[in-house]
Amino acid sequence: MSDLTLTVMRLGFLAVLWLFVIVAVQVIRGDLFNTKAAARPAQRSAAAPAPAGAARPPQGPPAAAQQQARQRRGQPTHLVVTQGSLAGTTVALQGQTITLGRAHDSTIVLDDDYASSRHARIYPDRTGQWTVEDLGSTNGTYLDRQRLTTPMPLQLGVPIRIGRTVIELRK
């Protein structure tokens with residue numbers, strides 16, 4: 001082989017090696033720091049406008065009366081993020097379970113280094129009282145400075161802390 005061919009082969013191998021290193025670094029960087037790009041808005045509303053031409057279910061007084069009967073006076077109606085990267089986000093409480101964590105299918109996707117993918121859930125119990133439960137997270141869920149070990153009932157305005165994110169029930 002000529003010296004020119006050998007030099008071109010060495011440079012080609014070096015270029016492929018650097019290309020591999022750059023791609024590997026980008027994949028690792030994407031896995032570690034790409035949570036903001038993948039986060040979806042957590043604010044949901046039951047009264048979201050339907051697309052034009054879509055059929056809407058009939059809404060009359062019976063459905064409104066049932067909803068008002070379920071919402072007793074003094075009961076929370078919203079879950080509000082008060083601190084953290086999602087501060088100001090509001091989720092309406094409509095009797096469904098609310099999941100918190102880094103997973104993309106969570107109700108509130110937390111962009112927090114101290115949150116697990118499935119960190120905690122907030123759900124109504126049989127009596128209609130809202131309850132918070134830690135789902136075996138590494139760093140824990142705190143209800144008013146006390147680490148949760150069992151599901152605990154929630155009161156209005158009592159902070160739930162997950163890493164740097166603070167969430168409260170409000171009317």
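This briefing covers the fold, core and salt bridges of one protein model. The model is predicted: local features need pLDDT of at least 70, side-chain atom pairs count only at pLDDT 80 or more, and totals for chains, interfaces and linings use all residues. Residues are numbered from 1 along each chain as its sequence is written, and side-chain values use heavy atoms, without hydrogens and water.

**Fold**
- The protein has three helices and 11 strands. Both are DSSP runs numbered from the N terminus, with at least four residues for helices (H or I) and at least two for strands (E).
- The sequence pattern is α-α-α-β-β-β-β-β-β-β-β-β-β-β.
- Of 171 residues, 26% are buried (under 20% relative accessible area; exposed is over 50%, partly exposed in between; 1.4 Å probe, protein chains only).
- The accessible surface is about 11900 Å², and 57% of that surface belongs to carbon and sulfur atoms (Shrake-Rupley method, 1.4 Å probe; for residues, only the protein chains shown count as cover).

**Sheet**
- Six strands form an open antiparallel sheet, ordered E2-E1-E11-E10-E7-E8. Strands pair if DSSP finds at least two bridges between them.
- Strands E2 (90–92) and E8 (146–147) are the edges, each pairing on one side only.
- Three bridges join E1 (residues 78–83) to E2. Leu-79 has Val-91 in E2 as its bridge partner.

**Core**
- The largest nonpolar core has 20 residues (buried Ala, Val, Leu, Ile, Met, Phe, Trp, Tyr and Cys joined through side-chain atoms within 4.5 Å).
- Leu-79, Ile-98, Leu-100, Ile-108, Ile-122 and Leu-154 touch the most other members.
- Elements giving two or more residues to this core include E1, E3 (98–101) and E5 (120–124).
- Beyond neighbours within four places in sequence, Leu-154 is in contact (heavy atoms within 4.5 Å) with residues including Ile-122, Trp-130, Leu-143 and Leu-169.

**Salt bridges**
- The whole structure holds four salt bridges (a side-chain nitrogen of Lys or Arg within 4 Å of a carboxyl oxygen of Asp or Glu).
- Arg-118 and Asp-105 meet at 2.7 Å, N to O. Arg-118 lies in the E4–E5 loop and Asp-105 in the E3–E4 loop, so the pair ties together parts 13 residues apart in sequence. Arg-118 is partly exposed at 45%; Asp-105 is exposed at 52%.
- Asp-112 and Arg-164 pair with closest N and O atoms 3.9 Å apart. Their loops are E4–E5 and E10–E11, so this pair ties together parts 52 residues apart in sequence. Asp-112 is buried at 1%, whereas Arg-164 is partly exposed at 46%.
- Glu-133 and Arg-121 pair at 2.7 Å between closest N and O atoms. Glu-133 is buried at 18%; Arg-121 is partly exposed at 28%.
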